[in-house]
Amino acid sequence: MGQYDAILHMNKPADKKHKPMSIHNRAAQFAPFDALTGFSEQIYETARLTDARIELSEEAKASLDLRLRILEKNIGHEPLVTITYFLADTKKEGGIYQTRSCRIKKLLPCEECLQLEDDTRICFEDILSIDSPLLSEADVP
């Protein structure tokens, strides 16, 4: 007979002041421990996909330039446009293409960008496509 045989099969003493902790709460005590601090964020960032910028052909650039000139002539009416443009990612190479319907406030040829009604500025080189009812009426390619 071993020295602990007398207490081996005894019931656990009950604490009258505290309720026993649930298994979920006991496991949660160890959740904040992160041996590699920031590692999970780094994995997420690496897994996040970005798009590469699309290079437009000379024909597409000419068509886009014509569209912008027509819109510039009608800038006083703040024409409604649907614009698809490249938004560069701030953390890694690449970005995303965003499509918005909005009104153009001004074209800024010196800065080579256009300003939308919410003061967002989009560089001409970031624009992939631009469409407007004004352009449909003008029969633009």
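Is Arg48 buried, partly exposed or exposed? Arg48 is partly exposed, with a relative accessible area of 23%. Here buried means under 20% relative accessible area, exposed means over 50%, and partly exposed is in between, for a 1.4 Å probe and protein chains only.

This is a predicted model, in which local features need pLDDT of at least 70, side-chain atom pairs count only at pLDDT 80 or more, and totals for chains, interfaces and linings use all residues. Residues are numbered from 1 along each chain as its sequence is written, and side-chain values use heavy atoms, with hydrogens and water left out.

## Salt bridges

A salt bridge is a side-chain nitrogen of Lys or Arg within 4 Å of a carboxyl oxygen of Asp or Glu. Searching the whole structure gives nine salt bridges. The table lists some of them, including two that involve Arg48.

| Pair | Closest N to O distance |
|---|---|
| Arg48 and Glu45 | 2.4 Å |
| Asp89 and Arg48 | 2.5 Å |

Salt bridges join Glu45, Arg48 and Asp89 into a network. Glu45 counts as buried, at 18% relative accessibility. The salt bridge between Asp89 and Arg48 has its closest N and O atoms 2.5 Å apart. This pair links distant parts of the chain, 41 residues apart: Asp89 is in the loop between β1 (80-88) and β2 (95-108), and Arg48 is in the loop between α3 (39-47) and α4 (58-73). These helices (H or I, at least four residues) and strands (E, at least two) are DSSP runs, numbered from the N terminus.

Asp131 is partly exposed at 42% relative accessibility, whereas Arg67 is buried, with a relative accessible area of 14%.

## The nonpolar core

In soluble globular proteins, nonpolar side chains tend to be buried together. A nonpolar core is a set of buried Ala, Val, Leu, Ile, Met, Phe, Trp, Tyr and Cys residues joined through side-chain atoms within 4.5 Å. The largest one in this model has 16 residues, and those touching the most other members are Ile83, Ile104, Leu114, Ile122, Ile127 and Ile130. Two or more residues of this core come from each of α4, β1, β2, β3 and β5. Helix α4 gives the largest share, four residues.

Contact means heavy atoms within 4.5 Å. Not counting residues up to four places away in sequence, Ile83 touches Gln98, Thr99, Arg100, Cys102, Leu114, Ile122, Ile127, Ser129 and Ile130.

## Residues in the strands and loops

Gln115 belongs to strand β3 (residues 113-116). Gln115 is buried, at a relative accessible area of 6%. Apart from neighbours within four places in sequence, the contacts of Gln115 are Ile104, Lys105, Lys106, Leu108, Thr120 and Arg121.

Leu87 sits in strand β1 and counts as partly exposed, at 40% relative accessibility. With neighbours within four places in sequence left aside, Leu87 is in contact with Gly95, Ile96 and Gln98. The C-alpha atoms of Leu87 and Gln42 are separated by 22 Å, and the two residues are 45 residues apart along the chain.

Two loop residues have positive phi values. Glu112, in the loop between β2 and β3, is a residue other than glycine with phi near 55°. Asp119 is not a glycine either, and has a positive phi of about 70°. Asp119 is found in the loop between β3 and β4 (121-123) and is partly exposed, at 45% relative accessibility.

## The largest pocket

Pockets are found on a 1 Å grid over the protein atoms alone: a pocket is an open set of points where a 1.4 Å probe fits, with protein on both sides within 12 Å along at least five of seven lines, and lining residues have an atom within 4 Å of a point. The largest pocket holds about 390 Å³ of space, a volume being the space filled by probe spheres set on the points.

Its lining has 19 residues, and Lys61, Leu64, Leu68, Phe124 and Glu125 lie nearest the centre. Elements giving two or more residues to this lining are α4, β2 and β5. The largest share, six residues, comes from α4. By class, the lining has 11 nonpolar, no polar and eight charged residues. Ala, Val, Leu, Ile, Met, Phe, Trp, Tyr, Cys and Pro count as nonpolar, Asp, Glu, Lys and Arg as charged, and the others, Gly among them, as polar.
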